[in-house]
Amino acid sequence: MTDLADLTLSEATSGLQGGEMTAVELLEAVHRRATMTEAQLHAYLNIDRPGAARAAVAADSALGKGAAVSKLTGIPVALKDNLVTRGLETTCSSKILAGYLPPYDATVVGRLREAGSVIVGKTNLDEFAMGSSTENSAYGTSRNPWNPERVPGGSSGGSAAAVAVGSALAALGSDTGGSIRQPASLCGIVGMKPTYGLVSRYGLIAFASSLDQIGPLTRTVTDSVTVLEALAGYDPADSTSHPGAVPDFRAGLERGVAGLRIGVVSELSGEGIDPQVQAAVARMVTSLEGEGAKVTEVSLPSFEYALSAYYLIAPAECSANLARFDGVRYGLRRDGDTVEEMMANTRAEGFGPEVTRRILLGTYALSAGYYDAFYGQAQRVRTLILNDFDSAYGQVDVLVSPTSPTTAFEVGARATDPLAMYMSDVCTIPSNLSGHPGISVPVGLDDAGLPIGFQVMAPALGEEVLFQVAAEVERIAGFSERPALANSRADI
Amino acid sequence: MPIDIDIAKVARLARLALSDEELDLYRAQCEVVLEHAALVQALPTEGVEPTSHPLRRTNAFREDVVTECLDTEEVLAQAPDRDGNYFRVPPILEEP
Amino acid sequence: MKFEPVIGIETHVELTTASKMFCGCPVEFGAPPNTNVCPVCLGLPGALPVVNHTAVEYAMKIGLGLQCEIAPHSVFSRKNYFYPDMPKNYQISQYDLPLCIDGYIDIETDEGSARVGITRVHMEEDTGKSTHLGAGGRIGAGSQTLLDFNRAGVPLMEIVSEPDLRSAVQARAYAEEVRGVVKRLGVSDVKLEEGSMRFDANISLRPEGASTFGTKVEVKNMNSLRSVQRALEYEIKRQAAVLEAGEEVVQETRHWNEEDGTTAAMRSKEEAFDYRYFPEPDLVPIAVDEAWRSEVASGLPELPAQARERYRAQGLEPTTAGLLSREVDLGRVFEDAVGAGADARTVANWLTGEVTAWLRKESLLLPDSHLDGAALAELEAMVGAGDLSATAAKDVLGGVLSGEGRPAEVAESRDLIQVSDSASLEPAVDAVLAANSDAFEKLKSGDHKVMGFLIGQVMRSTGGKADPAAVTRIINERAG
Ligand SMILES: [Mg+2]
Ligand SMILES: [Zn+2]
């Protein structure tokens, strides 16, 4: 008998709607999986058993009535803990928000609730989403389900680990420089960053506002589409929300790649990419060509500067976004004789080293006399990157590359070298700077048994073709392995 | 490009009460990152408009309509310190 | 050495939109603390701003009212500094690309008329309010501070003048004129005492005839038009004394203290001025095309300068015309009264004199009183017909303002109707002439200086109700 925690989202949807199981049973299976794996993985910061139980009962009632239900009704979903949830502790993995109970729900949380999904709990992340390993959490490191000595990637590491191991059927993450795609790659699942503005950021605790985007982490491409369908769409509460029509995410899923023009980004291959990752990506490109795609190599020369531009823009925005954490209205407070001292003591105590470092970097990059050389120049480089993308998309329909230059690295391996850690995002950052969609699909394992992710990038609002290619990649790869931890079944 | 950060000033601007040892460490780390980030300066960008936003959108407005406010009690329940319906903080030394 | 002051003024105006600049919380004065708040204006994690369309149109009106160009492309920025009553520790404001640029207003003072440039008008959000508890309520001396965020996020317009003002008197006139424009536009309460309009001044001194600028000082906390003038007069003297002593003026922000009439340096660190502006990534730019601009422009009411021209043409003195043009409520009642046939100058003098004094004494606004144009016209007609003396008319005006009734009713009930028919007055006149025969003789011999005395005696004996004109006529008859 199949453990329900091993079902994909689509399988679970059919099971629930076909009356083969209940949402309560599904939730119980997910809870059992969490109980078995959390001690090793620490994917969750907070599992909301009572809230989820209520939602599951409500879902069963809706399913039983034969009323119109959504594909997500009764589906257990995990939320990265930088999405605010009313009355449910939201910490961003930071000490500065310990115990914080938001008085409102993020727009995406509201949409998931309306769709009838069951919110399992809040997942671990690098503090304020700053990091690529989930080691920068004030509440402990999450681990990779394929090998708990390794990181799950980050910053949505908890969400990726939970979906990979089956302690949620889907999860939401946020992607500022690759924080959905890179952990999905390292955990062997599908992670998708939509076009900037397609999913409302209202209620996402901001890291870098012009780069942040919420997206799904799922086991399959189809599941990614299903979750995104529930999330996407105009939100008047977010001025940067896309007001026009939402692309048809599903239309291309069965279409194959015959006749599509696929560009391999030369700047994201070769140097700096692990040879096994490089080989797996090359094999997939060859297969796509075999399926009728026209493959060309495309050069986007300004990509070389993307990481540098990112490490000016993201810290600059973060330095302002995180100014509100000051001990006045919510969260941690450390005493001081004056309000100035109180704020400075609170912030020094409440923020971890990576967050502190980025606030300092951003403050410096914006300060008088340096703005033009740093932040201003980074913004002009951003324009050049957009121009490169534009001209590339004049020649090809999608761009492909590895998602991460390496597979999951060991816990602690890059912890003391910020630059080495920042290199983890070299392939994903350009799409954040351009606001374009990107997706990571697992295509195999390396010699150490660690997953390799294949990245597909598309132009703004090009989700239809993005999913079209991703589905074909998934079909060709036929990646069905599960991490060992997921197989540690409960005896029934 | 060699970077020389007045880290104590930056920390004051950012309201971070850091020890001298911490300041030394962060200065060294920030300088390494900034030296890398300063590579952007190598790219000729004369006449290039800055992009502050991936969207080329304008005029996102809301109508001037009053909507519901939060419950004061729910808001103040999160306050580290309060006095009745006010948030309470230590005395302010500097003026804006 | 003679010094010339160089003054520029920053004016902050809270708009009277229904909701705040970036959220749907009500704009309302005096609500219980922290009740008009939401995730956006409290700066809660995850909240995002959305621009109030009406606030943008109000800002455009202010810009157009100050003869500014409306920028086709303008942008919000973040102004970063920490302050506990500012929820996000940055203020969403406009920086290098404001909505309105390059305007002017004309002012008139005893020193002559002058054109004052308007550099820009930009949109931003107000902060919350801090209450400092402790010794004397002074900042810093208090043991704690209480915060109320109801005002946080109220739409705030900043109007920046060019450094074109050359005296404290001009500065006050400028402040009055800007207030008048905004008031006529109907986009703000412009209540200085409640803080819905606030003035800060930048002032430096330079040797007369010099073309470079001296070191400037910013003066804050001027809570009335009068204190704008007083604070700048004080600051001009203070800076002149510093310069005459051969010392240098320190660039700083100074706080005007209304009670002791002085300014004092405020405590702030040098870093406070490194605002690290950058474009607000949570908002998109504002694009105003010609269609939108002209739609807003076509809805503009008459501006004070135009009203002032019309009032001058009706024979009013410059200061009276100026006041009526700026105080739109007074202007409206004035026009109604004149429309109903009243004499313009008489009515204008009542409005700028008795009526304004009464409103100030009662701390009321004209619409809160019972006075309207029809009542003024009725009152003026009674004076013209000789039914009321000029003195009694002022008395009646007070009664009308406080709601005792129409002018005729008030005059009746206060027993102020003037006696002007000869038959009723002759016995009283004759009695006075008999009792003051010496004076009457002098009058008859051509000494007209005694006429006033005799009239006064009649007025006294009739309890002020006699019509002086009729009394004069009778006395002249008797004198032959
Ligand atoms: Mg301002
Ligand atoms: Zn609000």
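This is a predicted model: local features need pLDDT of at least 70, side-chain atom pairs count only at pLDDT 80 or more; totals for chains, interfaces and linings use all residues.
**View 1. Overall make-up of chain C.** The secondary structure of chain C consists of 15 helices and 17 strands, and its C-alpha atoms occupy a box of roughly 90 × 55 × 50 Å along the principal axes. Of the 480 residues in chain C, 55% are buried.

**View 2. The zinc ion (ligand 2) and its protein donors.** The SG atoms of C:Cys23, C:Cys25, C:Cys38 and C:Cys41 are the protein donors of this zinc ion, from which they lie 2.3 to 2.4 Å away. Along the sequence, the donor residues follow the spacing C-x1-C-x12-C-x2-C. The four donor atoms subtend angles of 100 to 116 degrees around the zinc ion, and the arrangement is therefore tetrahedral. For four tetrahedral donors, the ideal angle at a metal is 109.5 degrees.

**View 3. The crossing of helices H13 and H15 in chain C.** The axes of H13(C), residues 437–444, and H15(C), residues 468–479, come within 10 Å and cross at roughly 75 degrees, so the two helices are roughly perpendicular to each other. On the H13(C) side the contact involves C:Phe440, C:Leu443 and C:Lys444, which meet C:Ile475, C:Arg478 and C:Ala479 of H15(C). By class, this contact comprises four nonpolar residues and two charged residues, with no polar ones.

How values were computed:
Residues are numbered from 1 along each chain as its sequence is written. Chains are lettered from A and ligands numbered from 1 in the order in which they are written. Side-chain values use heavy atoms; hydrogens and water are left out. Axes are lines fitted to C-alpha atoms, for helices over the stretch in contact, and angles run from 0 to 180 degrees between N-to-C directions. Helices (H or I, at least four residues) and strands (E, at least two) are DSSP runs, numbered from the N terminus. Angles under 35 degrees count as roughly parallel, over 145 as roughly antiparallel, 65 to 115 as roughly perpendicular and the rest as oblique. Contact means heavy atoms within 4.5 Å. Ala, Val, Leu, Ile, Met, Phe, Trp, Tyr, Cys and Pro count as nonpolar, Asp, Glu, Lys and Arg as charged, and the others, Gly among them, as polar. Donors are N, O and S atoms within 2.8 Å of the metal (3.2 Å for Na, K and Ca); water is not among the atoms, so sites may look incomplete. Four donors count as tetrahedral if all angles lie between 85 and 135 degrees; four count as square planar and six as octahedral if opposite donors are over 155 degrees apart and all others between 65 and 115; anything else is irregular. Buried means under 20% relative accessible area, exposed over 50%, partly exposed in between (1.4 Å probe, protein chains only).
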